[in-house]
Amino acid sequence: MESERVIRLATIADIPGVARVHVDSWREIYRGIVPDVYLEGLSYERREQMWRSGLENPGWKGVLFVAEDPGHRVVGFVAGGPPQEPVEGFDCELWAIYLLQVHQGQGVGRQLFRRFVEEMVQRGHGSMFLWVLAENPTVGFYQRLGGVKVGEKEIEVGGKKLVEWSYGWRNLGVNKW
């Protein structure tokens with residue numbers, strides 16, 4: 001199955017697909033965790049604007065990779081770069097990794113993760129962290145990839161208090177993915 005997916009740098013033309021995956025993944029994964037009214041209020045257009053503002057900005061320090069299926073449709077993505085909120089001991093952050101549910105469990109998420117880590121190492125980063133909702137059913141994915149819980153904070157999404165965990169990888173040079 002992995003050979004059927006292409007992982008590549010995103011282009012402006014991918015933005016609608018990235019926005020669709022972003023919104024649809026949130027609705028799939030966070031149903032029953034995040035208030036429904038919040039999930040229904042998510043907008044493809046607002047996500048397109050968000051991702052477009054990054055990709056079109058020549059000074060953007062982030063990176064965005066997409067996974068596409070054999071029909072060249074975006075089915076997942078990974079993005080990250082400099083920490084949005086620094087976590088001591090880590091020099092880059094995986095901001096987002098999303099994959100449509102129907103494509104999960106086929107190695108695509110691991111491919112996205114691996115490609116992102118390779119890029120961060122090429123850019124001179126040696127360690128990485130990410131934030132994930134504690135109730136996210138895919139938390140085990142990060143644990144299987146060697147992530148170690150390094151932090152916890154409370155956030156509010158749609159009026160509901162939720163807990164986020166931070167997972168970290170202290171040595172990106174050790175290829176274990």
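Here are some worked exercises on the predicted model shown above.

**Exercise 1: The overall plan**

Task: Work out how many helices and strands the protein has, and in which order they come.

Solution. Start by counting: there are five helices and seven strands. Then turn to the overall dimensions. The radius of gyration is 16 Å, close to the 16 Å that the globule rule gives for 177 residues, so the protein is as compact as a globular protein of that length. Along its principal axes, the C-alpha trace spans about 40 × 40 × 35 Å. Buried residues account for 48% of the 177 residues, and the accessible surface comes to about 8700 Å², with 50% of it belonging to carbon and sulfur atoms.

**Exercise 2: Reading the sheet**

Task: Find the order of the strands in the sheet, and explain why one side of E1 and of E6 is left without a neighbour there.

Solution. Begin with the order: the seven strands form an open sheet, E1-E2-E3-E4-E5-E7-E6, with mixed pairing. Now go to the edges. Strand E1 (6-9) and strand E6 (148-157) each have a single partner strand, so one side of each has no neighbour in the sheet. From one strand to the next, the twist averages 25 degrees.

- E4 and E5 are parallel and pair over two bridges; Cys92 has Met128 in E5 as its bridge partner.
- E6 and E7 run antiparallel and are joined by nine bridges; Gly151 has Ser166 in E7 as its bridge partner.

To finish, look at the turn of the E6 and E7 hairpin. Two residues lie between these strands, and Gly158 takes a positive phi near 60 degrees.

**Exercise 3: Inside the largest core**

Task: Identify which residues of the largest nonpolar core touch the most other members, and which element supplies its largest share.

Solution. First, the membership: this core has 25 residues, and Leu94, Ile97, Phe113, Met128, Tyr142 and Trp169 touch the most other members. Second, the sources. Elements that each supply at least two residues include strand E2 (63-68), strand E3 (74-81), strand E4 (92-99) and helix H4 (108-122). Strand E5 (128-133), helix H5 (139-144) and strand E7 (160-169) also each supply at least two. The largest share, six residues, comes from H4.

Third, zoom in on Leu94. Setting aside neighbours within four places in sequence, Leu94 is in contact with Val78, Ala79, Gly80, Phe113, Phe116, Met128, Phe129 and Leu130. Apart from this core lies another one, of 24 residues, among them Ile33, Trp51, Phe77 and Leu133.

**Exercise 4: An arginine in a helix**

Solution. Locate the residue first: Arg47 sits in helix H3 (residues 44-55). Then apply the cut-off. Arg47 and Arg5 are 42 residues apart in sequence, and their C-alpha atoms are 23 Å apart.

Methods:
Residues are numbered from 1 along each chain as its sequence is written. This is a predicted model: local features need pLDDT of at least 70, side-chain atom pairs count only at pLDDT 80 or more; totals for chains, interfaces and linings use all residues. Side-chain values use heavy atoms; hydrogens and water are left out. A nonpolar core is a set of buried Ala, Val, Leu, Ile, Met, Phe, Trp, Tyr and Cys residues joined through side-chain atoms within 4.5 Å. Buried means under 20% relative accessible area, exposed over 50%, partly exposed in between (1.4 Å probe, protein chains only). Helices (H or I, at least four residues) and strands (E, at least two) are DSSP runs, numbered from the N terminus. Contact means heavy atoms within 4.5 Å. Two strands pair if DSSP finds at least two bridges between them. Axes are lines fitted to C-alpha atoms, for helices over the stretch in contact, and angles run from 0 to 180 degrees between N-to-C directions. The radius of gyration is taken over C-alpha atoms; the globule rule is 2.2 Å times the number of residues to the power 0.38. Accessible areas come from the Shrake-Rupley method with a 1.4 Å probe; for residues, only the protein chains shown count as cover.
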